[in-house]
Amino acid sequence: MYSFNYQKVKTVADAAKVLAKDSDAQLLAGGQSLIAAMKLRLAHPSEVVDLGTIKELSGIKADGKAVSIGAMTRHAEVAASAAVKKAIPALASLAGGIGDRMVRNMGTIGGSLANNDPAADYPAAVLALGATVVTNKRKIAADEFFKGMYETALQKGEIITSVSFPVPKRAAYMKFRNPASRYAIVGVFVADFGTGVRVAVTGAGPSVFRVAAMEKALAAKFAPESVASIAVPEKGLNSDLHAKADYRAHLITVMAKRAVEAALK
Amino acid sequence: MTAFVLGLPEHKVRVVAPDVGGGFGSKIYLYAEDVVCTWASKQINRPVKWTADRSESFLSDAHGRDHVTKAELALDKDGNFLAMRVTTTANMGAYLSTFASCIPTILYATLLAGQYTTPAIYAEVTAVFTNTAPVDAYRGAGRPEATYVVERLVETAAREMKMNPAEIRRRNFIKTFPYQTPVALLYDTGNYEATLAEALRVADVAGFQGRKADAARRGKLRGLGYCCYIEACGIAPSNVAGALGARAGLFEAGEVRVHPTGKVTVFTGSHSHGQGHETTFGQVVADRLGIPMEDIDIVHGDTGKILFGMGTYGSRSIAVGGTAIVKAVDKIIAKGKKIAAHLMEAAEADIEFKDGAFVVKGTDKKKAFAEVSLAAYVPHNYPLDKLEPGLNENAFYDPANFTFPAGSHICEVEVDPDTGTVRVVNFTAVDDFGKIINPMIVEGQVHGGLTQGIGQALTEGCHYDKDSGQLVTGSYLDYCIPRADDVPTFRVGTKETPCTHNPLGVKGCGEAGAIGAPAAVMNALTDALGVRDIEMPATPQRIWRACQETKMKKAA
């Protein structure tokens, strides 16, 4: 790690001020990606701004139509939340499967979304549920938020404050884990709103994406057979030692089927 | 070794290595950093400290097990083994590490008889330099490689000849001992039929077809695989090692220091880094001297305190290190008898040592161990004209032969053909380690070894990118070590045929799990998939591709 200055801020406005002043400053949420990157010297911010004590960034609210989660809410909190389990159990379950216990005690939804790791789980939930990312400047729809590998629509100095998830009729998330890192090689989130179905895939490509063909087939009939013969093209999918693109394409269909089966239970 | 390399006076070099949290072989070798730090501290006359981080460890710690092998087994029509022919290319890495050249030769080719009476065996090994990190011994060191070759051949032969895999093995088991193999080693004792029979029972092989049918109904594939392994441990008779090209002696040393009050400190050249020597050696000494374990301290890991030993590897600590300690204890008892005879005015031949006391045979006259030890250090009533004071003995023990732990492993796996994931649903290991000193410690060793063997088969593999030479598996994010949820609850058992050439009758057990498991797992997996062979590690991607190929072959 290279040396850096560290400070805790009390409000989002204070955090924004530091970012505006110092272009090498970085926000610290759960640190599960940032600290690791700093240890490998892949990241070297001059200033680390800890959001951990900002009250306005925490909390889970549910009102029957939507669940709103503060940006600094830890994965473990989301997983254990009675409100989330009642309204969108698939979201609680997804949060409970991120990393391991230690990661879940520290990692946050805001941090995960701002980072947009290609293998992160939350982007699949946000895109499939058509959630809204609320920042200190505006509200961003899920379909506009994810731009590319580690790239989002967030502007310089823009800070996520909360994420609002519409409550679906039924939903499920199925993840095929990398045996070593246990990150998603492929993660499929399926959400049925009654008026339509959304299917989002993480892990397989540079960034999370929807599968229109599966959404259409599931809207016609919400059953595993509807997606069994729908294949996502290999082109553009990630390839590495653990899974080449063709294997990932195959797994997308398998995980989508299993997600639909789980949503029906 | 640093002394040899740097020309430092040997008596001025002190190495201190307390419990280092696991070794498995990799920590034995002379690494460049050991030498460089020593040299640097001499240049500046100050202590120099160096700590590797995990990434550096991945890049430069010795790797293990990199062989490409072609092997053939000849059988007659009844399944009797006639001959075996093996050619192996063994990667040494970019330069030779400490033991590297003996692993694919002395510790590999000599194990190709396995548990069988194969009369003719030919092995040719070519060691090669490549651009990878140096390759050297890792838990099993040559024996997992040998076992893999033998047991995959035997299982494949059974399938091709449509013979029961247990029966084809039984037909070829060595049944009379000692047995001289055609590959130099002389096995002292064993009972291979007993371990196999017990393994078949514990693994419930009889119920396998039912479990397989049930799995098929759930859309899954089940397979069963055997591995009857043998290993050469208790390394090694020095003259044999020398004849085979080793440049070191392979004895072990032990010193037993009895304090005036009868407490005992044992100095051992063995090194405990997870094997629980403090418990096992303590038990051996407590048992032999009839004193409580609390009265015994086991000291290792400091060349400033301990006599010259050769260390812990090759499952040698109980067989060689333990025997050295036993011989030192026996010297203590022999001297104690002389002192007791004097104290009790009896003839030395009439003194027995029983339950921690020296007794005049046939009488109730006795002296406790602590009374004798006190007399040795306060020699007022003492045969000073015939005997030195003090009660402190050491022994250097060079083993007469290797020891030959052996056993039967049976693995049952279940494959999900849709994703390629495989689960080890059952793993049974019945091993013959000779006399067992502490069953809990042995079980721990077996569990650990099996987990590493399953890792080798299913999850672990070093991968270098062909174009850039980069180590792609440079962290645990990509190098998959097995975790507790990757393995089942193991079913383990033991059968004892005591080793004939050491006083404890022990054979050693540290590596057995890692030696037998890879072949057992891959035999089970190839059975489940109905394929002849699949490469290790059999990752989900590899398994899925094998399933796809099978599907296409069936369709064609």
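Predicted model: local features only at pLDDT ≥ 70, side-chain atom pairs only at ≥ 80, totals over all residues.
Trainee: Start with chain A. How is it divided?

Mentor: Chain A has domain 1 (5-50), domain 2 (55-166) and domain 3 (170-264). The C-alpha centres of domain 1 and domain 3 of chain A are 34 Å apart.

Trainee: How many helices and strands in chain A?

Mentor: Chain A holds 12 helices and 14 strands.

Trainee: And what are the spans of its C-alpha trace?

Mentor: About 55 × 45 × 30 Å along the principal axes of chain A. The radius of gyration of chain A is 18 Å, and a compact globule of 265 residues would have one near 18 Å, so the two agree.

Trainee: What share of chain A counts as buried?

Mentor: 45% of the 265 residues. As for contacts in chain A between residues at least 6 apart in sequence, 60% join residues at least 24 apart.

Trainee: Show me one strand. What about β11 of chain A?

Mentor: β11(A) covers residues 170-177, and six of its eight residues are buried. Its partner is β12(A), residues 184-192.

Trainee: Do they run parallel or antiparallel, and over how many bridges?

Mentor: Antiparallel, over eight bridges. Within that pairing, Met174(A) sits opposite Val188(A) of β12(A). The two strands make a hairpin, with six residues between them.

Trainee: Which residue in that turn has a positive phi?

Mentor: Arg182(A), with phi of about 65 degrees. Arg182(A) is not a glycine. Most residues other than glycine have a negative phi.

Trainee: Is Arg182(A) exposed or partly exposed?

Mentor: Partly exposed, because Arg182(A) has 18 C-beta neighbours inside 10 Å.

Trainee: Where else in chain A is there a positive phi in a residue other than glycine?

Mentor: Arg41(A) is one of them, with phi near 65 degrees. Arg41(A) is in the loop between α2 (34-39) and β3 (47-50) of chain A. Its C-beta neighbours inside 10 Å number 9, so Arg41(A) counts as exposed.

Trainee: Switch to the A-B contact. How many residues from chain A, and how many from chain B?

Mentor: 10 residues from chain A and 14 from chain B. On the chain A side, helix α12(A), residues 245-264, gives the largest share, three residues. By class, that side has eight nonpolar, two polar and no charged residues.

Trainee: Now chain B. What domains are there?

Mentor: Chain B has domain 1 (67-163 + 191-233 + 403-555) and domain 2 (252-397). Their C-alpha centres lie 41 Å apart.

Trainee: How many residues of each are in contact?

Mentor: 17 residues of domain 1 of chain B touch 15 residues of domain 2 of chain B. The domain 1 side is made of 10 nonpolar, five polar and two charged residues.

Trainee: Pick a helix in chain B. Which residues of α5 are buried?

Mentor: In α5(B), residues 165-172, the buried ones include Pro165(B), Ile168(B), Arg169(B) and Asn172(B). Their arc around the axis is only 100 degrees, so they are on the same side of α5(B).

Trainee: Why does that spacing work?

Mentor: An α-helix has 3.6 residues a turn, so residues three or four places apart point the same way.

Trainee: What covers the buried residues of α5(B)?

Mentor: The cover includes β2 (81-93), α4 (143-160), α6 (192-202) and β6 (221-230) of chain B.

Trainee: What about cis peptide bonds in chain B?

Mentor: One joins Phe177(B) and Pro178(B), with omega of about -5 degrees. Pro178(B) is in the loop between α5 and β4 (179-180) of chain B. Another cis bond joins Met536(B) and Pro537(B), with omega of about -10 degrees. Pro537(B) lies in the loop between α13 (512-529) and α14 (540-555) of chain B.

Trainee: Is Ala203(B) buried or exposed?

Mentor: Buried, because 23 other C-beta atoms lie within 10 Å of Ala203(B). Ala203(B) is in the loop between α6 and α7 (208-217) of chain B.

Trainee: What does Ala203(B) touch?

Mentor: Beyond residues up to four places away in sequence, Ala203(B) touches Ile410(B), Glu412(B), Asn426(B), Thr428(B) and Arg491(B).

Trainee: Last one. Where is Gly449(B)?

Mentor: In helix α12(B), residues 439-458. Gly449(B) counts as buried because it has 26 C-beta neighbours inside 10 Å. Leaving aside neighbours within four places in sequence, the contacts of Gly449(B) include Arg139(B), Glu511(B) and Ala514(B).

Key: Residues numbered from 1 in each chain as written. Chains lettered and ligands numbered in written order. Domains from an automatic or database assignment. Contact = placed C-beta atoms within 7 Å. Nonpolar A, V, L, I, M, F, W, Y, C, P; charged D, E, K, R; others polar. Helix = DSSP H or I, 4+ residues; strand = E, 2+ residues; numbered from the N terminus. Rg over C-alpha atoms; globule rule 2.2 N^0.38 Å. Buried ≥ 20, exposed ≤ 12 C-beta atoms within 10 Å, placed from the backbone. Pairing = 2+ DSSP bridges. Arc of directions from axis to C-beta.
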